[in-house]
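Please read these notes with the model open beside you.

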Amino acid sequence: MYSTPTCPYCIRAKQFLTENNIVFENYDVSTEHQKAEEMVQKSGQMGVPVLDIEGEIIVGFDKEKIKQALGL
Amino acid sequence: MYDLIIIGAGPAGITAAVYAARKKMDLLVVSKDIGGQAAWSGDIDNYIGYQFITGPELAAKFEEHLRKYAITLKENEEVIELKKTGDIVSVKTNKGAYESKTVIIASGKKSRELDVSGEKEFKNRGLTYCATCDAPLFAGKDVAVIGAGNSALDATIQLLKIARRIFIINIAPQLTGDAIMQEQIEDSKIVTVLNNTQVIAILGDRFVTGVKIRKEGKEEIVFCQGIFVEIGMVTNITFGKDIEKNDFGEIKVNSRNETNIPGIFAAGDVTDVPEKQIIIAAGEGAKVALSAFRYLVQHKFG
């Protein structure tokens, strides 16, 4: 997950993954500039959060898409 | 047919649902999301019982409380039509159609859009409505904040430590936000305030490259990589044309949360109730559910 610490939807996305026992790596794009660029490259946009679920890029806290990608 | 359909699941809608469930009303909640604007909020220091809580945490608490009851909740669903025929209110959404004896509209508010060319195209490509979310992505960049009220000044203050230069683009002759925030902005060397300035278009290629403005009859371009739109809120209501609203598009309600149409009630930020606060929306949500309950008890359905 590419996120910022202040973004409410990032917090909700993290909550959602944790509740569903999904192990994930989080990059704080407000401090990790290389990761911020990587996120823009991958998603073609600058909004957070961005989730990369085994290659599937999901922009925003889109619960339905996240569920689908994770097979929940 | 339901006793009650609640449109919206922010503080008002969720509180109404909990009250209605406790009155054993047969109810349905239809909402685009859960938590509404509360889920977007940063730090909350004035919701009684929590000396400090973040918006997402409070929204999660609300949701948890809602899910304690067996309430049918249709998430990701938007109402497109609302009509009363005889005693029955019919609600049409992008996914289905429902009928109910009463309806509570608690669909809240969302950020107002600029309505200029390039806005939709560059949304999330440099243009954002959520400074709290996206400000950190503009480290060392030039940005424009559009607006002059508290939310615009708040966005500017968040950006002070992050951006290289900040342009405040304000259509009015002066800033309108709180004096204490204005002072903080005036003291900064990186902020330029452009008053009496209108936004004409958002410019860019793959991402934002600038804003086209009109100032004193002259068109100019402000070059920047980020644009924060903070020009207030509008009500989330495109349905129910017959429901009376005020000049701000807010549904007119009386002290019992009744609209001009019997059986249709409203609560929270979508209404003309003074002051938009989470705790007020929640309180109104309790009140509206009890009003709808009273209507069901007193009204004889043919």
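1. The contact between the two chains takes 16 residues from chain A and 18 residues from chain B; two residues are in contact if their C-beta atoms, placed from the backbone, lie within 7 Å. Helix α1 (residues 8–19) of chain A gives the largest share of the side of chain A that touches chain B, namely five residues. By class, that side of chain A has eight nonpolar, six polar and two charged residues. Here Ala, Val, Leu, Ile, Met, Phe, Trp, Tyr, Cys and Pro count as nonpolar, Asp, Glu, Lys and Arg as charged, and the others, Gly among them, as polar.

2. A word on the source. This is a predicted model, in which local features need pLDDT of at least 70 and side-chain atom pairs count only at pLDDT 80 or more, while totals for chains, interfaces and linings use all residues. Residues are numbered from 1 along each chain as its sequence is written, and chains are lettered from A and ligands numbered from 1 in the order in which they are written.

3. Chain A has three helices and four strands, in the order β-α-β-α-β-β-α from the N terminus on. Its radius of gyration, taken over C-alpha atoms, is 11 Å, close to the 11 Å that the globule rule gives for 72 residues, so chain A is as compact as a globular protein of that length. The rule is 2.2 Å times the number of residues to the power 0.38. Helices (H or I, at least four residues) and strands (E, at least two) are DSSP runs, numbered from the N terminus.

4. In chain B, five strands form an open sheet with parallel pairing, in the order β10-β17-β11-β12-β13. Strands β10 (127–128) and β13 (191–194) of chain B each have a single partner strand, so one side of each is left without a neighbour in the sheet. Two strands pair if DSSP finds at least two bridges between them; β10(B) and β17 (residues 226–229) of chain B pair over two bridges.

5. B:Lys212 sits in strand β15 (residues 208–215) of chain B. Leaving aside neighbours within four places in sequence, its contacts include B:Ile200 and B:Glu219.
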